[in-house]
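Hi everyone, thanks for coming along.

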Amino acid sequence: MKASQFLVSTLKEAPQDAEIVSHQLMIRSGMIKKLGAGIYSYMPMGLRVIRKVEAIIRQEMERAGAIELTMPLVQPAELWQETGRFEKMGPELLRIRDRHERDFVIQPTSEEVVTDIARQEIKSYKQLPKNFYQIQTKFRDERRPRFGLMRGREFIMKDAYSFDASPEKARESYATMASAYRRIFDRFGLQYRAVAADSGAIGGDLSEEFQVIAATGEDAIVFCAQSDYAANMEKAQALAPRHARAQATRPLAREATPSQTTCEEVAALLGVPLQQTVKSLIWVHEQSGESGAPAPEFFMVLLRGDHELNEVKLAKVPHFAQGQLRLAHAKEIEGLFGCGPGFLGPVGRPQGMHLLVDRDAALMSDWVCGANEAGFHLSGVNWERDLALPLPEEVYDLRNVVSGDLSPCGQGTLSIERGIEVGHIFYLGTKYSKAMNATFLDVNGKPQAMEMGCYGIGVTRLPAAAIEQNHDDKGMIWPESIAPFVLVICPIGMDRSEEVRVQAHALYEQAVELGWDVMLDDRGERPGVMFADWELIGVPHRLVVSDRSLKSGVAEYQHRRDPQATELPLGEVISFLSGKIQH
């Protein structure tokens with residue numbers, strides 16, 4: 001490709017709403033253009049990256065036996081109503097109506113549609129297993145779209161769906177996809193971790209996320225350096241403390257805390273470690289009553305003051321198998337306790353209010369908590385003496401793990417790093433096939449629900465994640481496998497020097513014949529402008545030809561990560577690059 005025939009459109013400054021590096025650099029390099037909140041046009045330079053991502057995915061999906069199809073962006077609501085997700089999905093599901101007032105959705109994912117295809121096409125166990133995939137536009141109505149392609153509303157995703165005759169075969173399909181994903185992310189040339197994950201709204205009981213390691217990542221990744229244990233923060237298990245509960249050594253005392261409402265403020269005022277405080281959170285569980293109106297039930301959740309609640313773990317407590325769970329409002333708390341949320345505690349709580357206690361809090365002694373009275377806390381609180389010991393069924397792992405916790409693998413302690421989720425795989429079981437009556441006839445001629453898995457990769461999120469991991473103060477540094485161009489030839493003064501023009505075109509033609517994605521910058525720009533543009537865009541290999549270099553019989557080569565250029569004899573340029581450029 002020649003720059004004069006392409007669109008090279010760079011900016012010196014990023015717009016003010018571009019908050020993170022990938023968003024700033026993709027805008028500045030002309031890879032994307034904002035059309036609306038969370039909606040972008042993929043410009044020619046950016047689209048080349050996306051197409052390379054798609055090509056690697058297609059190769060590995062087909063190698064794993066998956067079959068490509070395309071499902072509609074606009075889907076009938078009836079399918080989503082069969083699974084109950086039309087109502088449950090919430091405001092992220094964009095619902096529309098046609099001229100006949102029929103309900104449709106803009107797909108955020110396609111479990112319902114692909115299950116409908118399977119129930120029509122697959123009739124016998126002889127047709128299984130099957131794995132269908134697509135690379136298709138999705139839309140999720142994010143409340144607060146931000147960070148460019150990292151959290152947009154419209155995006156491109158690869159989603160695949162496996163169908164099997166038994167749970168054992170379904171887990172084999174899951175393992176096949178897990179291996180394919182590792183090959184895909186290895187080929188992208190990115191540092192990543194595969195971590196155990198919660199299945200969330202998709203469902204199922206086996207799930208892994210693929211996280212690109214980056215300091216700006218939204219997700220916390222928990223891992224053990226002494227083993228291969230890794231999980232996201234939602235899934236990471238906090239082991240039960242090994243020590244027994246100590247005996248009480250302090251009397252129960254009422255302490256004045258006039259304006260101190262957080263554990264940190266109370267600990268500082270009373271001169272006790274933060275680990276000696278307990279935070280009390282009120283959660284509301286709502287289920288439909290006999291009248292159909294939500295019937296709220298209030299729960300007090302207790303954690304050590306220096307720990308944070310893991311809401312995913314809380315939602316899995318058996319009490320909450322049905323209905324909705326939310327934090328209590330300030331007015332509800334004041335109505336129950338007669339004080340604000342900063343002064344709550346389990347001693348003297350409203351009669352009948354359930355306690356849910358984190359494992360660490362259940363083993364504390366002489367602790368500090370709210371007195372259920374504005375301006376006061378209690379110190380020297382102890383289980384058994386001051387309130388009933390928590391029942392075994394009320395004690396759970398409810399907190400986020402912290403660095404230094406013992407690893408569940410038993411081989412070391414936990415560390416935490418940041419990551420960007422770019423892929424997620426799930427074993428779904430029969431969640432969707434039973435809801436939609438997707439059955440096949442087994443070897444005995446009996447109908448059985450198909451076992452399913454689903455597997456996603458954020459195609460347009462992945463380039464943004466790659467940039468977050470690979471950049472410097474000059475711009476992007478693309479891994480070669482997904483760079484828009486692997487080589488740029490920068491001739492200096494080719495509009496004034498016939499020798500430079502001829503030599504630059506000769507090198508360009510040789511590179512094209514070898515099948516390299518090469519860019520010849522024939523715009524006639526000054527060297528500083530050319531170099532700045534291609535350093536911003538992040539092309540891995542650069543070759544400079546000038547009158548000065550040609551007089552010495554050389555060209556100047558520089559990798560995007562090299563601190564300075566290397567002179568190469570003209571006759572050795574192509575063979576040298578052949579050893580550098582991946583094939």
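I'll begin with the overall picture and then visit a few places in it.

Please keep in mind that what you see is a predicted model. The protein has 583 residues, and 51% of them count as buried. If you draw a box around the C-alpha atoms along the principal axes, you get roughly 95 × 70 × 50 Å. The accessible surface is about 26,600 Å², and carbon and sulfur atoms account for 49% of that. Now think about contacts between residues at least 6 apart in sequence: 70% of these join residues at least 24 apart.

Let's go inside. In soluble globular proteins, nonpolar side chains tend to be buried together. Here, the largest nonpolar core holds 66 residues. Ile57, Phe185, Phe188, Leu462, Trp478, Ile482 and Trp534 have the most contacts within this core. Which helix gives the core its largest share? That would be helix H6, residues 167-188, with nine residues. Leaving aside residues up to four places away in sequence, Phe185 touches Leu190, Tyr192, Phe210, Val422, Gly423, Ile457 and Leu462. Apart from this core there is another, made of 26 residues, including Met300, Cys339, Leu344 and Leu387.

Cys263 counts as buried, because its relative accessibility is 14%, under the 20% cut-off. Cys490 is buried as well, with a relative accessible area of 0%.

Next, a loop. Asp386 sits between strand S19 (376-381) and strand S20 (395-396). What does the side chain of Asp386 reach at 2.8 Å? It is the backbone nitrogen of Asn382. The Asp386 side chain also makes a polar contact with the side chain of Arg385, at 2.9 Å. Beyond residues up to four places away in sequence, Asp386 touches Leu252, Val347, Gly380 and Val381.

Is Ala3 buried or exposed? Ala3 is buried, with a relative accessible area of 4%. Not counting residues up to four places away in sequence, Ala3 touches Val8, Met519, Leu520, Asp521, Asp522 and Arg523. Ala3 and Val488 are 485 residues apart in sequence, yet their C-alpha atoms are 9.7 Å apart in space.

My last stop is helix H16, residues 573-580, whose buried residues are Val573, Ile574 and Leu577. These three span an arc of only 90 degrees around the axis, so they lie on the same side of H16. The face turned away from that buried side carries the exposed residues Ser575 and Gly579. And what do the buried residues of H16 pack against? Their partners are strand S27 (487-491), helix H13 (498-513), strand S29 (541-545), strand S30 (554-559) and strand S31 (566-569).

Methods: Residues numbered from 1 in each chain as written. Predicted model: local features only at pLDDT ≥ 70, side-chain atom pairs only at ≥ 80, totals over all residues. Heavy atoms only, no water. Core = buried A, V, L, I, M, F, W, Y, C linked by side-chain atoms within 4.5 Å. Buried < 20%, exposed > 50% of the residue type's maximum accessible area, 1.4 Å probe, protein only. Helix = DSSP H or I, 4+ residues; strand = E, 2+ residues; numbered from the N terminus. Contact = heavy atoms within 4.5 Å. Polar contact = N/O pair within 3.5 Å; in protein donor to acceptor, adjacent residues only side chain to side chain. Areas by Shrake-Rupley, 256 points an atom, 1.4 Å probe, with all protein chains shown as cover. Arc of directions from axis to C-beta.
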